[in-house]
Amino acid sequence: MASLKELKGRINSVKSTQKITKAKQMVAAAKLRKAQSAAEAARPYASRMAGVVASLASRIVVSESSPKLLAGTGKDAMHLLVVANSDRGLCGAFNSNIVKAARQKALALQAEGKKVAFYLIGRKGRAVIRREFPNAIIGGFDTTTVREAGYAEADAIAAELVALYDAGKFDVAHLFFSRFRSALLQEPTTQQIIPVPAPKSEVAADSVVEYEPEEEEILAALLPRYLKTQLFGALLENAASEQGASMTAMDNATRNAGDLISKLTIQYNRSRQAAITTELIEIIAGAEAL
């Protein structure tokens, strides 16, 4: 049985940890409001952009002369998995769930006889992927010095991905991130981003709409921006999801610390009472001996 001094030390240690987790929970809650607003504000723009691309894509016949981001390479052998993680921990299963989804996709593709490579955003999950898929990481984007990921980072990532695509490093790219639903729910999401899958258009293909210049020229200029928009939205969704997961994880940790403090306090009081009782018995026994 632990001594009174050891129990008191453990109680003080857990109380110190509880103060830290409570502070982190409050910080995450404050950051969540801003990150959630940014993610929700970006969704209508991404949706409208997808509608424009769908409308244009529905009016052309995809061929070798079509923009490469839409037509593809004509092959389906090499798949690039773009995994967006955070740089910090203490956010529950946020990072591990994204890595798990990417790992399952990679194994499924390999089972179909296809090759896989990874492009990593953020440093969490890097060790797991490197251990299970050695020499498969062909690129990445360092966000350790980025306070809040924004459009500039999405622009830089998109430029690197397009450069790899033009160099023939992959045929299809899939993006893995966490879509924010609420502080309690973050949904790991997989999305094909290259070649750009033509979304269904809500506008009839035979509607009377004239474009100047031609649709393929507009798509050639619009598709890179569409790719940046999707990456930008994913970064914002990830930021909100990270703060929501962190707030929930720290709240659970604070509650668990409180429960542990209660149990240790009960154990301490019982041990202290037992020590006092033992001391009284010894005093009484000594008095009777006199």
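Where is the place of asparagine 135? I found asparagine 135 in the loop between α4 (126–132) and β3 (137–141). I took helices (H or I, at least four residues) and strands (E, at least two) as DSSP runs, numbered from the N terminus.

**Ground rules.** I am working on a predicted model, in which local features need pLDDT of at least 70 and side-chain atom pairs count only at pLDDT 80 or more, while totals for chains, interfaces and linings use all residues. Residues are numbered from 1 along each chain as its sequence is written, and side-chain values use heavy atoms, with hydrogens and water left out.

I looked up phi for asparagine 135 and got a positive value near 65°, in a residue other than glycine. Asparagine 135 counts as exposed, at 81% relative accessibility. My terms are buried for under 20% relative accessible area, exposed for over 50%, and partly exposed in between (1.4 Å probe, protein chains only). Leucine 90 is not a glycine either, yet has a positive phi of about 55°. I placed leucine 90 in the loop between β1 (78–84) and α3 (94–111). With a relative accessible area of 52%, leucine 90 is exposed.

I also noted a cis peptide bond between isoleucine 194 and proline 195, with omega about -10°. Proline 195 belongs to the loop between β5 and α6.

**Helix α5.** I checked the length of α5 (residues 151–166). Its 16 residues should span 22 Å at 1.5 Å a residue, and the end C-alpha atoms are 22 Å apart, which agrees. The expected span is 1.5 Å times one less than the number of residues.

Which residues of α5 are buried? I listed Glu153, Ala154, Ile157, Ala158, Leu161, Leu164 and Tyr165. They lie on the same side of α5, because they cover an arc of only 130° around the axis. That arc is taken from the directions from the helix axis to the C-beta atoms. On the face turned away from the buried side I found the exposed residues Ala152 and Asp166. Just after α5, glycine 168 has a positive phi of about 80°.

**Rings.** My search of the whole structure gave three aromatic pairs. Rings of Phe, Tyr and Trp (its six-membered ring) pair if their centres lie within 6.5 Å; planes under 30 degrees apart are stacked, over 60 edge-to-face, the rest tilted. Tyrosine 151 is partly exposed at 37% relative accessibility, and phenylalanine 232 is partly exposed at 22%.

The charged end of lysine 68 sits over the ring of tyrosine 165, 4.9 Å from the ring centre. The test was NZ of Lys or CZ of Arg within 6 Å of the ring centre and within 35 degrees of the ring normal.

**Strands.** I found β4 (residues 172–180) and β5 (residues 186–194) paired in the antiparallel sense over eight bridges; pairing needs at least two DSSP bridges. A hairpin of five residues joins β4 to β5. Phenylalanine 177 stands opposite threonine 189 in β5.

**Core.** The largest nonpolar core has 36 residues, of which Tyr119, Leu161, Ile193, Ile194 and Leu231 touch the most other members. α6 gives the largest share of this core, eight residues. A core is a set of buried Ala, Val, Leu, Ile, Met, Phe, Trp, Tyr and Cys residues joined through side-chain atoms within 4.5 Å.
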